[in-house]
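Dear colleague,

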Amino acid sequence: MRTLIINNLSSGLQDGAVYDFMRKLNGDGDELVVRSTNGSANGSTAIESLLSDATSFDRVVAAGGDATISAVGYALRNSGVPLLPFPAGTGNLIVTNLDQPEEPVALAKLVRENTTVDYDLGELSFETEEGKQTRGFAVMAGAGYDARIMEDSEKLKGLLGPMAYLASAITNPLPTVAHFTITLDDKVLEIDGIAVLVINFAKIFPDVAITHGNDARDGLFEVAVIKSHSAIELLPAVFGAFLDRDGLFPGRADALEVCLSKTVRVESDPPLAIQFDGEPTGACTPFEARLLPQACRFVVTEKEHERCS
C-alpha cells in the first residue's frame with residue numbers, strides 16, 4: 001500500500017499525533033511518503049505541486065486544519081483518489097461533519113479499510129491586489145461577522161485552542177451591519193445582515209448544525225444570511241441550535257434567511273472580510289462560489305458510508 005501524507009507543520013497545537021498515526025499505519029511492504037508544508041501553500045499552486053503524482057498512490061492523507069484538508073481535496077478534485085482527513089487543526093469541522101474518530105489508531109484502521117464516499121466541494125473566487133484568487137472549501141465560506149471572528153482568533157489559537165473562536169466572538173459584540181446583494185441561480189436577494197455563509201457541511205459542533213437537513217452530496221449550497229444586527233440578537237439562535245437537535249424549534253429560524261443554489265455571488269455595502277473553512281483571506285467582498293458536485297472522495301467510517309447509501 002502506497003500512502004502520500006501531506007503534513008501541515010503549523011496546524012493546531014502541533015501535538016505530533018500524526019507521527020503516531022504513521023507508526024500504526026505502516027506495515028510490511030508499505031510505503032509512506034511524507035511531504036510537509038508550513039501552511040502558506042494552502043490553496044495555491046505550491047500545494048498542488050506536492051500532489052503532482054498523487055494518482056500513483058493508493059490514497060492521500062491530509063494532516064492539518066480544515067483549510068489544509070480542503071486545499072488538498074481541491075487539488076485532488078475529480079481524480080478519484082481517496083483522501084483521509086487527519087484532524088490536526090483547531091476546529092476540525094470536516095472530521096466533525098463526517099463523524100470520524102480522531103485517535104491515530106482508529107484513523108489508521110480507516111485507511112486500511114478504505115471505505116469511501118464522494119462529497120461536494122465548493123470553489124471560491126475573489127480579488128486581491130495580486131489579482132483573482134481561487135480556493136477550494138469543504139465546509140463553508142462566508143463574509144462578515146464570521147470572517148471577523150476568524151481573523152481575530154488567529155493570534156489566540158495557540159493559547160486557547162478551539163476556545164479562541166468564542167473569545168473572538170465575545171470581543172466583537174457589535175458586528176458591522178451591511179446590505180447584501182446575493183445573486184443565486186435563479187434570483188437576486190437584497191437583504192441586510194451581519195454575515196453571509198455559503199454552506200456545504202453545516203455542523204459546527206457534533207450534532208449541532210447551522211441549518212437542518214444539510215446534505216453535502218446533493219449538488220446544492222445552503223446560502224444563509226445572518227439577519228441579526230448584534231451579537232446579543234444572535235444569542236437566541238445560538239442557544240436554539242444547541243437545544244434544537246432535530247430542527248423542531250421554530251424561533252431559531254428568525255435569525256437566518258436560507259436559500260439553495262449551485263452558484264453564488266455576494267456583494268456588500270460596505271465591503272466585508274472573506275473567510276473559507278476558518279481561513280481568513282485578507283480580501284473583502286465581492287466573492288463568487290460555485291459547487292463542484294461529488295468532486296472529493298473522502299475515506300469514511302462504515303457507518304457514514306451506510307448513511308450515505
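This is a predicted model: local features need pLDDT of at least 70, side-chain atom pairs count only at pLDDT 80 or more; totals for chains, interfaces and linings use all residues.

Residues are numbered from 1 along each chain as its sequence is written, and side-chain values use heavy atoms, with hydrogens and water left out.

Side chains of opposite charge can pair when their charged atoms come close. With a salt bridge taken as a side-chain nitrogen of Lys or Arg within 4 Å of a carboxyl oxygen of Asp or Glu, the count comes to 12.

One of them joins Arg23 to Asp20, at 2.1 Å from N to O. Both belong to helix H1 (residues 17-25), where they are three residues apart, about one helical turn; helices (H or I, at least four residues) and strands (E, at least two) are DSSP runs, numbered from the N terminus. Arg23 is exposed, at 57% relative accessible area, and Asp20 is partly exposed, at 35%, where buried means under 20%, exposed over 50% and partly exposed in between (1.4 Å probe, protein chains only).

Another salt bridge pairs Arg112 with Asp30, at 2.3 Å from N to O. Arg112 lies in helix H5 (residues 104-113) and Asp30 in the loop between H1 and strand S2 (31-37), so this pair ties together parts that are 82 residues apart in sequence. Asp30 is buried, at 17%, whereas Arg112 is partly exposed, at 42%.

Finally, Arg265, Glu267 and Glu288 are linked in a network of salt bridges.

Best wishes
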